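Let's take a walk through a protein model together, one stop at a time. Keep the picture open beside you as you read.

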Amino acid sequence: MSNLLGVFDYVVIAIMLCVSALIGLYFRFSGGRQKTTDEFLMGSRTMGIGPVAFSLMATCLSSVSVLGVPAETYLYGTQILLNMVGIPIGGFIAVYGFLPVFYDMKVSTAYEYLERRFGKTTRTIAASLFTLQMVLYMGVVLYAPSLALNAVTGLSTWASILSLAAVCMFYSSQGGLKAVLWTIVFQALLMYTAMIAVIVKISMMKGFRETFDISREGGRLIFFDFSGDLIKRYTFWNSILNGTVFFLSTFGTNQSQIQRFLSVGSLHKAQMALFVSIPLILLFTLLTVWDGIAVFALFHDCDPMKDENVKLSSADQLFPYAILKMFSNIPGLTGLCIAGVFSASLGTLSSAVNSLAGVTVEDFIKPYCSCKINDMWMTFVAKLLAVGYIGLTLLVTFLVANFRGVIEAANVIVGMVAGPTLGVYSLGMFSTTANEPGTLCGLLAGFTLYLWMGFGSYLTKAKVPTLSRSTSGCRNNSSMEFFKVTTSSTLLENVTQAIPLTDREKYIFPVYKWSYMWLTLIATIIVIIVGYISSYILSYLISVPDVKPENVSPFVRKLYFKSTTNAEKAKIENNEVELNEKTGNVNPSYTLTDDT
């Protein structure tokens, strides 16, 4: 395969990587020079609202969204856009119901709260699950942009993976959280540039209104599918509910986000950072779906995955292929768009690495290591951990290629921990009945159920029907062959034909056919129900510590503690009255003055 990027394209990509590395060097030799864990992991708790807001956006919306959402829109329509309705809902609950608790308790990590509310075992298990989740998720984030480079250049997938890993390893280990946040600001601008460039170019080629007309005629404009079918990939209900649960879990329990909230130094600034980030996230989500609409309009009569002259192996390659097709004759512009995809990956990857280093230091080393390590050495350990986690991620990256798309891979991996963990935090913050043994029973039930449903679906490989795609406009004989991809996947030969079921597929367990959009919500509910019932039963068998007011959410704090406080005050007043009566003194509170 010939190299399809020009010299100017490589220059643009190289500039992006160099700028990211230089930002890391700048913060390595400025300020406190990353000599303390507080500066390296928390940015000295003096970070500004702006960079934190961009970081909140980039951490949860990465190259997975840049490549995956257009692909999902192309295949299944725009119903996925309703996911954005859950963003402000989940964000509001997190910022007013969860975040004040972390600030009231002055915790260093999200999992320190779990130790104070339940116990050390819960903290350790939750931190371990987060570590597992993020290492797997980083594999997805590394793999996604490798598709882009492979699709437009033919270079080895591992070449792009190693290049991104090396740059991320350098600036995240040298510049700490400050470098991570400020590189994200730069990278986010490139991300938006790439997405907007595709929309503008296709609108110029096809016409703005015509782009939507083509998508409507192709059945892609779907917003109000009220179907209750659990098998259907995207519906009105699962899109909104999944968005709410995902962003509540992300903003309310995920250490990558909690670390950024704590880095600004005050609750008010943290809340403002989230309010600023929500419009950025909404715009990002809208642009990715719009890209999918535009890409479908571009290829509506010649699907690149069915075109014999192209034969893309994955729908996740559609976006980079569209970039190549439109911008290959403009020096540097293809490189700029690919740099935008790379930037999306680097932003999320560096955030995850920094958070993992913080969790390891604060939730594993400090609580369990009896040896005395000064802060300078602990900072050095944190930097080594950042490097080590990048290396570990490389080992699991190849697993991602076995999923049907990066969006599904990301959701299955994130939901595996996000759903059960959200259930644990919900029990802790909204119930005084929940205790550690009962909550751990709920966590085990929810996590096990999710593994069974999520990975059972993957192993059985239940087919997911897509919307119709056409090759009527493809040229049968073409002298230019962009792609020749070898794949073990079986592509649909004719979208208008019904696909006969094999004997194995006829007997797939119905749950394995459910849309992945339901899994996180189901796991959360199971953890809450099992955890609450188990805690209630166990409270009669074992002694459990009292729950303090600061341990629960402000939403329910008065509900649980107002009556108790009044009762205590009444008891104190009665004791004072009895004491005064015995001593012959009159309680000043009940003294009648001349004015009365």
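## A bridge between two cysteines

In this predicted model, a disulfide joins Cys 302 to Cys 474, with an S to S distance of 2.0 Å. If the word is new to you, a disulfide is a covalent bond between the sulfur atoms of two cysteines. The count of disulfides here comes to one. The torsion about the S-S bond of Cys 302 and Cys 474 is about 115°, so this disulfide is right-handed. Now trace the chain on either side of the bond: the pair links distant parts of it, 172 residues apart. Cys 302 sits in the loop between α12 and α13 (318-327), while Cys 474 sits in the loop between α17 (436-460) and α18 (503-506). Both Cys 302 and Cys 474 are buried.

Next, look at how two helices meet. Helix α9 (residues 208-217) packs with helix α12 (residues 267-299) at an angle of about 85°, and their axes lie 8 Å apart. Angles of 65 to 115 degrees count as roughly perpendicular, and α9 and α12 are therefore roughly perpendicular to each other. On the α9 side, Phe 208, Thr 211, Phe 212, Ile 214 and Ser 215 take part; they meet Trp 290, Ile 293, Ala 294, Phe 296 and Ala 297 in α12. Sorted by kind, the residues of this contact are eight nonpolar, two polar and no charged.

Let's move on to the largest nonpolar core, which has 164 residues. Which helix gives the most to this core? That is helix α8 (residues 157-206), with 21 residues. The residues with the most contacts inside the core are Met 57, Phe 102, Tyr 113 and Tyr 425. Zoom in on Phe 102: leaving aside its neighbours within four places in sequence, its contacts include Tyr 113 and Tyr 425, as well as Val 107, Ile 258 and Met 429.

Our last stop is Ser 62, in the loop between α3 (49-60) and α4 (63-76). Ser 62 is buried, with a relative accessible area of 0%. Who surrounds it? Beyond its neighbours within four places in sequence, Ser 62 is in contact with Tyr 137, Val 141, Phe 284, Ala 344 and Thr 348. The C-alpha atoms of Ser 62 and Pro 145 are separated by 9.8 Å, although these residues are 83 residues apart along the chain.

Key:
Residues numbered from 1 in each chain as written. Predicted model: local features only at pLDDT ≥ 70, side-chain atom pairs only at ≥ 80, totals over all residues. Heavy atoms only, no water. Axes fitted to C-alpha atoms, helices over the stretch in contact; angles between N-to-C directions. Helix = DSSP H or I, 4+ residues; strand = E, 2+ residues; numbered from the N terminus. Parallel < 35°, antiparallel > 145°, perpendicular 65-115°, else oblique. Contact = heavy atoms within 4.5 Å. Nonpolar A, V, L, I, M, F, W, Y, C, P; charged D, E, K, R; others polar. Buried < 20%, exposed > 50% of the residue type's maximum accessible area, 1.4 Å probe, protein only. Core = buried A, V, L, I, M, F, W, Y, C linked by side-chain atoms within 4.5 Å. Disulfide = S-S within 2.5 Å.
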